[in-house]
Amino acid sequence: MAAAAAQGGRSGGSGGSSGAGGGSSCGTGVGRSGLLDKWKIDDKPVKIDKWDGSAVKNSLDDSAKKVLLEKYKYVENFGLIDGRLTICTISCFFAIVALIWDYMHPFPESKPVLALCVISYFVMMGILTIYTSYKEKSIFLVAHRKDPTGMDPDDIWQLSSSLKRFDDKYTLKLTFISGRTKQQREAEFTKSIAKFFDHSGTLVMDAYEPEISRLHDSLATERKIK
Amino acid sequence: MLSLDFLDDVRRMNKRQLYYQVLNFGMIVSSALMIWKGLMVITGSESPIVVVLSGSMEPAFHRGDLLFLTNRVEDPIRVGEIVVFRIEGREIPIVHRVLKIHEKQNGHIKFLTKGDNNAVDDRGLYKQGQHWLEKKDVVGRARGMQCSFCWVYLCLSTVSKKSALLFLGRCHTFRYWMFGVDTGL
């Protein structure tokens with residue numbers, strides 16, 4: 001039910017935007033949101049190649065994200081991801097500048113600009129590596145729980161996971177950072193991926209969701225006790 | 001409605017993830033491009049790696065060998081060195097050995113080349129009325145060699161010279177990546 005409500009919310013959002021664009025012709029607005037609905041397959045059960053390690057990890061991560069965002073209605077914070085995207089975009093920008101400059105002014109004249117672009121590109125690559133290793137650290141979700149009274153700063157929930165190559169043990173770690181006290185609490189579980197996927201590679205949400213909820217509640221109840 | 005099962009992964013991605021996939025691809029291409037441009041800057045030659053197309057420099061170079069070039073201004077060209085040069089009006093550079101040099105006091109030189117495996121010097125290849133080559137025609141000097149067999153390029157060039165040239169011309173960005181080096185005849 002939560003998934004259907006979220007789906008309705010999402011298509012409502014896209015319908016709203018297309019409605020604003022083509023106010024005169026309602027028919028095309030509805031048609032476009034209908035196509036977008038057909039494109040999005042949030043309700044379809046996740047089916048992946050069970051032998052592909054990265055697909056397994058991605059599907060588990062995405063499902064954990066879905067549970068946290070839809071069931072508990074947290075708001076996703078895109079700060080970390082945006083940082084990474086910005087660094088990559090700047091690197092590609094340097095590459096494109098080098099390409100165009102070299103095309104406009106053939107080689108010997110373009111030497112200083114090329115040298116600058118190449119060095120900047122590799123510096124950006126170094127920055128990207130440091131960013132993903134130390135700042136991002138395999139965190140794939142940062143979600144905020146807005147305080148209902150609006151007085152205190154938001155509580156932050158962070159999800160990070162790891163799945164070693166050719167291994168079947170999947171570790172999911174949930175970190176709770178209280179907005180008020182700035183204290184950090186974490187909980188994690190390590191389970192074999194065989195517990196969550198059936199033989200055809202479909203992710204069984206009925207087995208996976210209780211795990212996430214248990215993890216979440218273990219951190220939430222500690223807060224209440226305090 | 002045709003089933004788009006193979007696109008399921010893409011459909012499940014949100015905008016940011018899609019953009020990241022595009023960026024990932026862009027970064028792979030950019031890395032290759034930046035390494036190539038970096039080599040260009042370091043060696044000073046506009047085509048640091050070339051492929052030998054024909055057998056006019058045997059037994060030193062065989063068809064399919066890779067050559068590493070540098071084009072430093074400080075190094076003077078001397079007789080006996082192997083240079084890669086481009087003749088005006090021709091796209092494909094040629095790799096031959098320097099035979100004779102005329103040098104002025106101010107460093108301006110004119111030189112004549114010949115392929116090791118050829119019977120005559122290259123005057124027949126030069127432009128009409130041109131008897132000597134100059135520094136500006138030089139793409140670089142051969143500094144290292146890697147025996148290899150660039151089968152793709154060689155197959156194309158044996159099938160037809162035109163298709164090989166088209167292959168060169170089409171990959172505009174990587175035009176210098178697989179510059180063929182040829183005796184010309």
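Tutor: Along its sequence, chain B of this predicted model runs in the order α-α-β-β-β-β-β-β-β-α-α-β. Its secondary structure amounts to four helices and eight strands. Of the 185 residues in chain B, 42% are buried. Among contacts in chain B with a separation of 6 or more, 58% join residues 24 or more positions apart.

The part to examine is helix H2 of chain B, residues 15-43. Its length can be checked by simple reasoning: at 1.5 Å a residue, the 29 residues of this helix should span 42 Å, and because its end C-alpha atoms are 42 Å apart, the expectation and the model agree. After H2(B) comes Gly44(B), which has a positive phi, near 80 degrees.

The buried residues of H2(B) include Leu23(B), Gly26(B), Met27(B), Ser30(B), Leu33(B), Met34(B) and Lys37(B). Further along the helix, Trp36(B), Gly38(B), Met40(B), Val41(B) and Thr43(B) are also among the buried residues. As background to such spacing, an α-helix has 3.6 residues a turn, so residues three or four places apart point the same way.

What do these buried residues pack against? Within chain B, the partners are strand S1 (49-52) and strand S2 (66-70). From chain A, helix H4 (79-104) and helix H5 (107-136) also pack against them. The buried residues of H2(B) therefore have packing partners in both chains, where contact means heavy atoms within 4.5 Å.

This leads to the interface itself. In total, 34 residues of chain A are in contact with 29 residues of chain B. The two chains bury about 2900 Å² between them, with 68% of that area on carbon and sulfur atoms.

Lys37(B), one of the buried residues of H2(B), forms a salt bridge with Asp102(A), in which the closest N and O atoms are 2.9 Å apart. The count of salt bridges between chain A and chain B is two. There are also six residue pairs in polar contact between the chains, both residues being at pLDDT 80 or more.

On the side of chain A that touches chain B, helix H2 (26-39), helix H3 (53-71), H4 and H5 of chain A each supply at least two residues. H4(A) gives the most to this side, with 13 residues. By type, the residues on this side of chain A comprise 23 nonpolar, two polar and nine charged.

Key. Residues are numbered from 1 along each chain as its sequence is written. Chains are lettered from A and ligands numbered from 1 in the order in which they are written. This is a predicted model: local features need pLDDT of at least 70, side-chain atom pairs count only at pLDDT 80 or more; totals for chains, interfaces and linings use all residues. Side-chain values use heavy atoms; hydrogens and water are left out. The expected span of a helix is 1.5 Å times one less than its number of residues. Buried means under 20% relative accessible area, exposed over 50%, partly exposed in between (1.4 Å probe, protein chains only). Buried area is the accessible area (1.4 Å probe) that two parts lose on being put together, summed over both. A salt bridge is a side-chain nitrogen of Lys or Arg within 4 Å of a carboxyl oxygen of Asp or Glu. A polar contact is a pair of N or O atoms within 3.5 Å; within protein, one must be able to donate a hydrogen and the other to accept it, and residues adjacent in sequence count only if both atoms are side-chain atoms. Ala, Val, Leu, Ile, Met, Phe, Trp, Tyr, Cys and Pro count as nonpolar, Asp, Glu, Lys and Arg as charged, and the others, Gly among them, as polar.
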